[in-house]
Amino acid sequence: MGDRVNRGLSRYDVIVVGAGPAGSEAAVAAAGRGASVLCLTINLDTVGFHPADPTLLRGGDDRRRLLVAELQAAGAVLPRLLSRKEIATEAGRHLVADRRRLGLAFKEILENTSGLEPRQALATAIERHGDGWHVECKYGERFAAGSVVVATGTFLDGQVTMGGLTADGGRRGEIPSRALADCLQRLGISFTRLVACASPRISARGEPSSHLRLARDGDQLRELYASEIKLEGDSDRQLAELRSLARSGEAWLNRPSYCVSHLALAPGMVGNRLESRDLPGLFFAGRSAGVASYPEAAASGFAAGLAAVGAPPDRLTNDKKYVGLLCRRIAEGDRPVSVNDH
Ligand SMILES: Cc1cc2nc3c(=O)[nH]c(=O)nc-3n(C[C@H](O)[C@H](O)[C@H](O)COP(=O)(O)OP(=O)(O)OC[C@H]3O[C@@H](n4cnc5c(N)ncnc54)[C@H](O)[C@@H]3O)c2cc1C
């Protein structure tokens, strides 16, 4: 439990904002080094959630596979979960995950890690107080910590576009993180914009045409992710296009394609340990730090979690390691950041 200080304010060593792969890894890594950690998330039912393609590693992702191997050697969560057959399987040259089981397993680990408190709350402000930080949440909760890791994914000032219409949203059906985006900009953090798009999910009913590359989206449900199709326009137009591509009038769109545009850290804002150059104790990881993919989000979260508790950086982040390469690219490289060659 965090220590209670003045006016009921709970104090932690580290507060992690976000519980996607980046935030979850950061929180577990910091707690594993003996720190008291609060992990905030907008929705505790979507911990570790993967929003789109269940294919986590593709055939050509050699460097990403090496990145995951480094994480495994360092004791991170993601490789442990991906080695469980009910969570991930090799299909051809791809590693395909059951997204719901992956998320649930991340949540179980957050719940069972000693020194770590997961908490559902929308962080709206991060303020400097003495040599630490206060985090304020939407319903007035305030927490204090020595370090804060921002791992807010696609939610910072997120805008969802589908069929030519744009509305505020962190992912489809989820709220964005607007006040926190404004607050970070007031603190002097510069951002760029990234866009992430999801292919459509289609129904397995009607036996969709076998020439489409379809990934079974978990074994409990009859949804298929059409990873190579990007449909445009409103849902009627997308359905018509799908039926033409599938050569079947029976093909059915469960979830149309959509895109999210969001703020991500600009190059030059953090150093190689993912700590703000101007605001000591403030760290960034994951998609909000500009990374491209789920494994890279987990890797940067793990590195930020260690750095936030002052763990020595050399073993994982030295020049020869892909985690190190990823962190250097977050510090200075083009967006989106990947360990793959540009
Ligand atoms: C439509 C779409 C398609 C994508 N397609 C792919 C793909 O095919 N392959 C791939 O690898 N990646 C894809 N991505 C990128 C994907 O988001 C990342 O790979 C991965 O999920 C990023 O992990 P993360 O932990 O950085 O952020 P996320 O997984 O986005 O998690 C962010 C976390 O922060 C929390 N949060 C945000 N703001 C606040 C706040 N103010 N207070 C408290 N909690 C907050 C959220 O609740 C969530 O828990 C896609 C993303 C989207 C949106």
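Which residues are closest to the ligand, and how many surround it? Some notes on that and on the rest of the chain follow.

1. **The ligand shell.** Keep in mind that this is a predicted model. In it, 36 residues surround the ligand, and the closest are Gly18, Gly20, Ala52, Gly153 and Gly286. Sorted by class, the shell holds 19 nonpolar, 14 polar and 3 charged residues. Four elements each put at least two residues into this shell: helix H1 (21–32), strand S3 (37–41), strand S13 (191–198) and helix H7 (294–308).

2. **Ala22, in H1.** Ala22 is a residue of helix H1, one of the elements that supply the ligand shell. Is Ala22 buried or exposed? It counts as buried, because it has 34 C-beta neighbours inside 10 Å and the cut-off for burial is 20 or more. Setting aside neighbours within four places in sequence, Ala22 is in contact with Ala151, Ala285, Gly286, Ala297, Ala298, Ser300 and Gly301. Gly286 turns up again here, having been listed among the residues closest to the ligand.

3. **Two domains.** The chain is split into domain 1 (3–158 + 166–195 + 263–332) and domain 2 (201–256). Their C-alpha centres lie 32 Å apart. The contact between them uses 7 residues of domain 1 and 6 residues of domain 2. On the domain 1 side, the touching residues divide into 2 nonpolar, 1 polar and 4 charged.

4. **Overall build.** I'd have the whole-chain numbers at hand when looking at the fold. The secondary structure comes to 9 helices and 19 strands. The radius of gyration is 20 Å, close to the 20 Å from the globule rule for 342 residues, so the chain is as compact as a globular protein of that length. Along the principal axes, the C-alpha trace spans about 65 × 40 × 35 Å. Buried residues account for 50% of the 342 residues. As for contacts between residues at least 6 apart in sequence, 68% join residues at least 24 apart.

5. In soluble globular proteins, nonpolar side chains tend to be buried together. Here the largest nonpolar core has 98 residues, and Ile15, Ala26, Val37, Val148, Val149, Leu274 and Phe283 touch the most other members. Its largest share, 10 residues, comes from H7, a helix that also supplies the ligand shell. Apart from this core lies another one, of 10 residues, among them Leu214, Leu242, Ala246 and Leu253. As for Val37, its contacts beyond four places in sequence are Tyr12, Asp13, Val14, Val16, Ala27, Ala30, Ala31, Gly115 and Leu116.

6. Arg247 is in the loop between helix H6 (235–246) and strand S17 (253–255), and counts as exposed because it has 11 C-beta neighbours inside 10 Å. Leu274 is in the loop between strand S18 (258–265) and strand S19 (282–284); with 31 C-beta neighbours inside 10 Å, it counts as buried. Leu274 is also one of the residues that touch the most other members of the largest core. Then there is a cis peptide bond from Arg335 to Pro336, with omega near -10°. Pro336 belongs to the segment after helix H9 (322–332).

7. Leu95 is in strand S6 (residues 94–97) and counts as buried, with 21 C-beta neighbours inside 10 Å. Beyond four places in sequence, Leu95 touches Leu56, Leu57, Leu82, Ala88 and Glu90. Its C-alpha atom is separated by 8.3 Å from that of Gly59, 36 residues away along the chain. Asp182, by contrast, is partly exposed, with 14 other C-beta atoms within 10 Å; its place is in helix H5 (residues 178–186). The C-alpha atoms of Asp182 and Val148 are separated by 17 Å, with the two residues 34 apart along the chain.

Notes:
Residues numbered from 1 in each chain as written. Predicted model: local features only at pLDDT ≥ 70, side-chain atom pairs only at ≥ 80, totals over all residues. Domains from an automatic or database assignment. Contact = placed C-beta atoms within 7 Å. Nonpolar A, V, L, I, M, F, W, Y, C, P; charged D, E, K, R; others polar. Rg over C-alpha atoms; globule rule 2.2 N^0.38 Å. Buried ≥ 20, exposed ≤ 12 C-beta atoms within 10 Å, placed from the backbone. Near = placed C-beta within 6 Å. Core = buried A, V, L, I, M, F, W, Y, C linked by C-beta atoms within 7 Å.
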